[in-house]
Amino acid sequence: MRKQLVQGKPLQELSCLVRGFAGSMKVPPSPQPRNSVSSRFLFPLARENGRYCSLRISTDLEQDQQRLDTVMDELTGWVNSSNYKVSLLGLELLGAFSERLLGRFKTYVGTVLVVLMDRMGDAKDQVREQALNLILKLMDHVAPPMFIWERLAAGFKHKNYRSREGVCLCLVATLNAYGAHSLILSKLVPHLCLLSGDSNSQVRDAAILALVEIYRHVGEKVRIDLNKRGIPAARLQTIFMKFDEVKNSDSMISSSISGE
């Protein structure tokens, strides 16, 4: 039977490697509820004889920077795996580490975001969704939204159209979760203006959706700004029509209305 490989190493071997760094392997007597304290840091690594072996993040690992760095390198490799199950496992484990390490995880944000941008272009919907969710989790536990976006903005130019689309959708999710005040939108709007003319229709739609969401939060200042961006008249008219639809549907954020 062929062994499953992750970056040239058998999955079982890597499981043991992470086990040695991050805690003991054990088989829970029964499934842990997702909202329990222990289940927040207990995840399946491999299925053996119909039972899951699991990993628990240890205090020792948190205090050993060199070992922690090694584990982070391994897990980002898992996320980049061509096997979507391994990729999902890596995403889940990185999420657990971000919740546990909090601000200390900031050191790894740059490296992790590079692989998350790639995974937002994955062929599997589930992988794309979990990559986006992990980015939002980093904003929750590790660093402010704009700190993340200063590094994530590179994804607007990603070669994979799904990744470009995913970054636009991630911006929409960020606005809904944290509001416009959490971001320096002047640094992001130019990217959306360019992508509104992308060669891929899904990217164009996602970019316009993000512009509409910004308008919903900020108001007429966005319309004034876009008039100065050199967007072709026909495309600009399409965007403004969508602005009007939002405004007429009474779905504007109250702060954007009061600020007009």
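These legends describe close-up views of a predicted model.

Local features need pLDDT of at least 70, side-chain atom pairs count only at pLDDT 80 or more, and totals for chains, interfaces and linings use all residues. Residues are numbered from 1 along each chain as its sequence is written, and side-chain values use heavy atoms, with hydrogens and water left out.

View 1. Helices (H or I, at least four residues) and strands (E, at least two) are DSSP runs, numbered from the N terminus. Of the 260 residues in the chain, 50% are buried. Buried means under 20% relative accessible area, exposed means over 50%, and partly exposed lies in between (1.4 Å probe, protein chains only). A contact is a pair of heavy atoms within 4.5 Å. Among contacts between residues at least 6 apart in sequence, 66% join residues at least 24 apart.

**View 2. Helix α6 covers residues 125–141.** Its 17 residues reach 24 Å from first C-alpha to last. That is close to the 24 Å expected at 1.5 Å a residue. The expected span is 1.5 Å times one less than the number of residues. The buried residues of α6 include Val127, Arg128, Ala131, Leu132 and Met139. The buried residues of α6 pack against α4 (84–101), α5 (109–119), α7 (145–152) and α8 (161–178).

**View 3. Helices α4 and α6 pack at an angle of about 10°.** Their axes lie 10 Å apart. Axes are lines fitted to C-alpha atoms, for helices over the stretch in contact, and angles run from 0 to 180 degrees between N-to-C directions. The two helices are therefore roughly parallel to each other. Angles under 35 degrees count as roughly parallel, over 145 as roughly antiparallel, 65 to 115 as roughly perpendicular and the rest as oblique. From α4, the contact residues include Tyr84, Leu88, Leu91 and Glu99. From α6, they include Val127, Ala131, Leu134, Lys137 and His141. The residues of this contact divide into eight nonpolar, six polar and two charged. Ala, Val, Leu, Ile, Met, Phe, Trp, Tyr, Cys and Pro count as nonpolar, Asp, Glu, Lys and Arg as charged, and the others, Gly among them, as polar.

**View 4. Helices α7 and α8 cross at roughly 170°.** Their axes come within 12 Å. That crossing makes α7 roughly antiparallel to α8. Pro145, Trp149 and Leu152 in α7 meet Val167, Cys170, Leu171, Thr174 and Tyr178 in α8. By class, this contact has seven nonpolar, one polar and no charged residues.

**View 5. Serine 163 is found in helix α8.** Serine 163 counts as buried because its relative accessibility is 0%. Its side chain reaches the backbone nitrogen of glycine 121 at 3.2 Å. Serine 163 also touches Met117, Asp118, Met120, Gly155 and His158, among the residues listed when those up to four places away in sequence are not counted.

**View 6. Leucine 102 and aspartate 250 have positive phi values.** Most residues other than glycine have a negative phi. Leucine 102 has a phi of about 55°. Leucine 102 is found in the loop between α4 and α5. At 39% relative accessibility, leucine 102 counts as partly exposed. Phi of aspartate 250 is near 60°. Aspartate 250 is found in the loop between α12 (233–248) and α13 (254–258). At 72% relative accessibility, aspartate 250 counts as exposed.

Technical notes. Polar contact = N/O pair within 3.5 Å; in protein donor to acceptor, adjacent residues only side chain to side chain.
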